[in-house]
Amino acid sequence: MELCCYPCPIKTRTYDIEAIELPIVYNKYGDHDPNGLIYVLKKDANRIRENALRNFSQKIPQPSPDVVPLVIRANIGDTVVIHFSHSLNRALSLHVLGMDYDVQTSDGADVGYNKDSTTSHRITYTWYAREEGVFLFHDMGDTRSSEEGTNVHGLFGAIIVEAAEAKWLSPETGTEIESGLFADIYHPTNPAFREYAVFFHDELEIKDKDGNQPADPHTGLPSATTGISYRSEPMRNRMPLTDDHADSGEDISMSSWVYGDPAPPILRAYAGDPSKIRLIHGGIKETHVFHLHNHQWRLEDANQNSTIIDSISISPQECYTLDILHGAGSLNRTVGDVIFHCHLYPHFHEGMWTLWRIFDRLEDGTGRLPDGTAIPPLLPLKDRVKPPEKDAQHPGYPNFINGTFGERPLQPPLGILDENGENLMEPTDLELANFVPDFAPGELYADTCPCHTCRDIKVFEIALVQAKVTYNRYGWHDPQGRFFVLKETLKRHGGLDAFIQKVESGKL
Ligand SMILES: [Cu+2]
């Protein structure tokens, strides 16, 4: 018998899924959708609803950790049976994109002459897991994109198909899980990896903590909200530290030192952990550009000749697997917070961003962030070297960084010189203890040349200059032009003042 014809056992994996209605609170500032609709495992429905209602009833409504898009998993070769039910007074369904099924029974839609496979009560769907990847499911019982529909209120989820024989464990407890955005994936022969499901969705129907349409504090105009996995961190809630509205640059507005962590779920890993992001566009309105800092992946994850990218456009209902090259922290094993966001800046501004936090020391559940928030445990992947324990000199990221919660974050040490060539920011003893062995300005916590193929260092001394810059012969100008100049250029023109004079008089 040919190898491909050998019979293999067909495994049936069954999920009981319910659609429920509940308020979804998108952040600690109380932004919420009072009419949220989500899929949950039926056995979790009461607990999730009760916790959500309790947190919603607080003076400022608070998010409920259990309220996240439903992510279930299967192995290649599985037959997936979904018992779907709900008690809402409408026709709803589960329609999966990209998996095989019989359209007469399991389409989750009411289309043409096919049988209607939406339901007002209960129905069973059968899907076939033929290939590895991430597949969106959503409601096709009500396809309207308006606030009367279901999608904008959150009725979507995903199924991730893993390799045959793979298992999925909780990153915090190490136990097998039935559902969850994040999982550690183990396989008998393949390396373990961190798996992160990330849902983009947009144009949400959001009220502020008082039940009003959120407004932009700078303009007074209505402010839209975009989300990641039923959470959002709009800049409208991160008010400037002072009365000066200009005092809200990115170093402040996106800093956890000032405001605490953003609301969308934070990805977590130890430096070097193999990692896959399962990116899902759950919405039905707009295309977004997922951009992850400091890391790259191949456009086609299974093709070693495929283009290396760090951003990808994702349209409604699309899904991608981002197999991160070199794992968490990339080739340099960088620890710290890495931002990812929609690169369309209005969406970024309206809440579509969060962090990937990469730790250097073992997090056993006893640690705390500078704002007092407990750090949940993160079990090391079992096939990797265990991260070192913390000690007094190595309290783990971010607790070796010089900073105070609620205050503007400091510039990194050794990064800026004054006009006499002296450092403006000297490192603390604790920072010094956590630098890499061959640290240098700009590469304090990560070796930027880990292969050590070349240690010849060329130093560029760069000045930031402000001067009036004239753009054309009609006199169009920027009175506060700011640009970089090599120090040797300044010297060649007789120093800073002489250089500025030449720029402003049009001689340069
Ligand atoms: Cu966007």
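Modeller: Four strands form an open sheet in the order 2-1-4-6, with mixed pairing, where strands are DSSP runs of E of at least two residues, helices are runs of H or I of at least four, and both are numbered from the N terminus. This is a predicted model, in which local features need pLDDT of at least 70 and side-chain atom pairs count only at pLDDT 80 or more, while totals for chains, interfaces and linings use all residues. Residues are numbered from 1 along each chain as its sequence is written.

Colleague: What makes strand 2 and strand 6 the edge strands?

Modeller: Two strands pair if DSSP finds at least two bridges between them, and strand 2 (32-41) and strand 6 each pair on one side only. Neighbouring strands of this sheet are turned by 25° against each other on average, direction ignored, with axes fitted as lines to C-alpha atoms (for helices over the stretch in contact) and angles running from 0 to 180 degrees between N-to-C directions.

Colleague: How do you know that strand 1 and strand 2 pair, and in which sense?

Modeller: Strand 1 (residues 12-25) and strand 2 share eight bridges, against the at least two that pairing requires, so they count as paired, in the antiparallel sense. Among these bridges, E21 is partnered by L37 and E18 by V40. Six residues lie between the strands of this hairpin, where G30 takes a positive phi near 95°.

Colleague: And what makes strand 4 a partner of strand 1?

Modeller: Eight bridges join strand 1 to strand 4 (residues 79-86), and these two run parallel; I17, for instance, stands opposite F84 in strand 4.

Colleague: Which strands does helix 1 touch where it packs on the sheet?

Modeller: Helix 1 (residues 45-56) touches strand 1 and strand 2, and its direction makes about 15° with that of strand 1. Two residues are in contact if their C-beta atoms, placed from the backbone, lie within 7 Å.

Colleague: Why is E131 called exposed?

Modeller: A residue is buried if 20 or more other C-beta atoms lie within 10 Å of its own, exposed if 12 or fewer, and partly exposed in between. E131 has 10 such atoms within 10 Å, and is therefore exposed. E131 sits in the loop between strand 6 (122-128) and strand 7 (133-138), and, leaving aside neighbours within four places in sequence, is in contact with I76 and V161.

Colleague: What makes a group of residues a nonpolar core, and which of them have the most contacts inside the largest one?

Modeller: A nonpolar core is a set of buried Ala, Val, Leu, Ile, Met, Phe, Trp, Tyr and Cys residues joined through C-beta atoms within 7 Å. The largest has 87 residues, and those with the most contacts inside it are I38, F135, A158, I159 and I280. Strand 1 gives the most to this core, with seven residues. Beyond four places in sequence, A158 is in contact with residues including P69, V71, F135 and I280.

Colleague: How do you know that the radius of gyration of the protein chain agrees with a compact globule?

Modeller: The radius is taken over C-alpha atoms, and the globule rule is 2.2 Å times the number of residues to the power 0.38. For 508 residues a compact globule would have a value near 23 Å, and the protein chain has 26 Å, which agrees. The C-alpha trace spans about 85 × 55 × 45 Å along its principal axes, and buried residues make up 35% of the 508.
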